[in-house]
Amino acid sequence: MAAPLKPRPSWNPLRLGGTALPAPLLLAAKLIVVTLLATGHAATLPDPFLPFLAFFDRIGNPELFRTVLQIAFFAGSAALLANRRVRLASFVVGAVILVGIASSRIYWANNTFFAGAVLALIGLHVSDRSVWLLRVQVALIYFGAGLNKVLDPDWLSGQFFEHWTVANLQHDLYIRAAALLPPMVLSKLMGWATIATEVSLSAGFALPRLWPFAIWLGIGFHAAMTVFTGITFVLFLYVAPAAYFAFARWPRKRTEVIYDGDCGICWKTKRWFEAFDFEGAFRWTPYQSGIGERFGISRAALAARLHVVVDGERIADGFRAFKLMLLFNPVTWFVLLAVLLGLHWGPGWARSLAIVGMIGFFLPVFDRIGQAAYDLVARNRHRLGSEPTCPVG
């Protein structure tokens with residue numbers, strides 16, 4: 001039997017298939033690169049100045065050095081988004097950032113180094129077993145952050161948090177809350193909570209069984225910091241969640257979507273989702289075809305709710321099924337990122353509202369509300385939709 005044809009990489013930036021990188025890693029790299037481009041990071045690439053390595057002191061033309069970095073940055077970014085030589089492209093962009101750090105202490109920052117390291121490690125990916133390099137980097141970044149605070153007396157005493165929130169941020173709500181407690185108590189609690197969260201994230205990303213917990217904790221941690229302070233900590237808000245794709249359980253084959261083929265609104269929903277399924281990752285089949293028997297799903301359950309089957313074993317229905325379809329579609333992540341980047345320089349309250357809304361929608365605790373809304377629509381779908389459109393005889 002002939003071997004299946006390997007799909008060719010598409011020029012469409014929203015597509016991920018047919019390249020040398022697994023879909024979640026390529027998606028992570030693209031999200032980070034889009035963030036770097038949208039925030040004008042290329043303009044911050046440095047001339048050699050106070051380098052970490054003495055070699056850079058001997059560069060005779062600093063402006064040419066910076067121009068070469070920028071050209072390599074844009075070339076690697078363009079190749080990555082166009083799905084050309086994606087491993088090399090990711091490594092080049094990451095290496096540009098790391099070389100920039102080595103050449104200038106002024107350019108160095110935790111979030112900048114993390115972005116460069118993640119991209120470079122994605123570029124070094126050769127097999128599923130090599131993903132551990134990136135996973136270790138994610139665990140180490142939180143371990144280092146927590147250890148740094150443990151060794152800092154000002155963090156342990158609460159002095160750092162007190163000065164930061166009261167003198168720097170002038171956080172009115174925090175000042176009022178702190179006034180209700182003895183001096184420094186709230187600041188000490190917040191400092192220790194931060195340390196405990198970062199140490200927990202390090203442990204969570206180091207242990208596979210804790211990955212789902214660590215992903216949600218990490219997203220909540222960075223979101224809470226942004227909502228509380230009103231700032232994104234430059235790149236951390238975007239880069240950290242993107243790096244979590246190294247721990248994602250991504251479908252290995254097409255996801256089965258089983259729907260009511262005799263329902264007009266279901267048919268319209270199918271066409272809408274298929275319009276943005278550039279990978280062809282979802283196969284829609286009416287339940288009237290009898291497909292549900294293959295997965296042990298009763299006809300009554302299929303008539304009541306849409307179902308998805310991921311990799312032939314993971315089954316979800318109703319609202320949770322729609323959430324999985326959104327999560328496994330790269331377009332969703334580009335849209336979410338576009339919303340956040342659109343508010344990057346906007347008012348803090350608008351960005352905070354968007355973050356809370358995004359996380360709230362995908363949180364498991366929202367499923368009860370989402371399922372109730374889904375069931376209400378499902379029970380009335382034949383009234384809401386047009387005439388039956390079932391293609392099954």
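**Ground rules.** The model is predicted, so I kept local features at pLDDT of at least 70 and side-chain atom pairs at pLDDT 80 or more, while totals for chains, interfaces and linings use all residues. Residues count from 1 along each chain as its sequence is written, and side-chain values use heavy atoms, without hydrogens and water.

**Sheet.** I looked up the strand order first. An open, mixed sheet of 4 strands runs β2-β1-β3-β4. Strands (E, at least two residues) and helices (H or I, at least four) are DSSP runs, numbered from the N terminus; two strands pair if DSSP finds at least two bridges between them. β2 (282-286) and β4 (314-317) are the edges; each has a single partner strand, so one side of each lacks a neighbour in the sheet. The twist averages 20° from one strand to the next.

I then checked β1 (255-259) against β3 (307-310). They run antiparallel, joined by 3 bridges. Val 257 has Val 308 of β3 as its bridge partner.

Helix α12 (264-275) lies across β1 and β2, at about 165° to β2. Axes are lines fitted to C-alpha atoms, for helices over the stretch in contact (heavy atoms within 4.5 Å); angles run from 0 to 180 degrees between N-to-C directions.

**Helix pair.** Next I took α1 (23-38) and α3 (86-103). Their axes come within 11 Å and cross at roughly 45°. I logged the contact residues: Leu 26, Ala 29, Val 33 and Leu 36 from α1, and Val 86, Ser 90, Val 93 and Ile 97 from α3.
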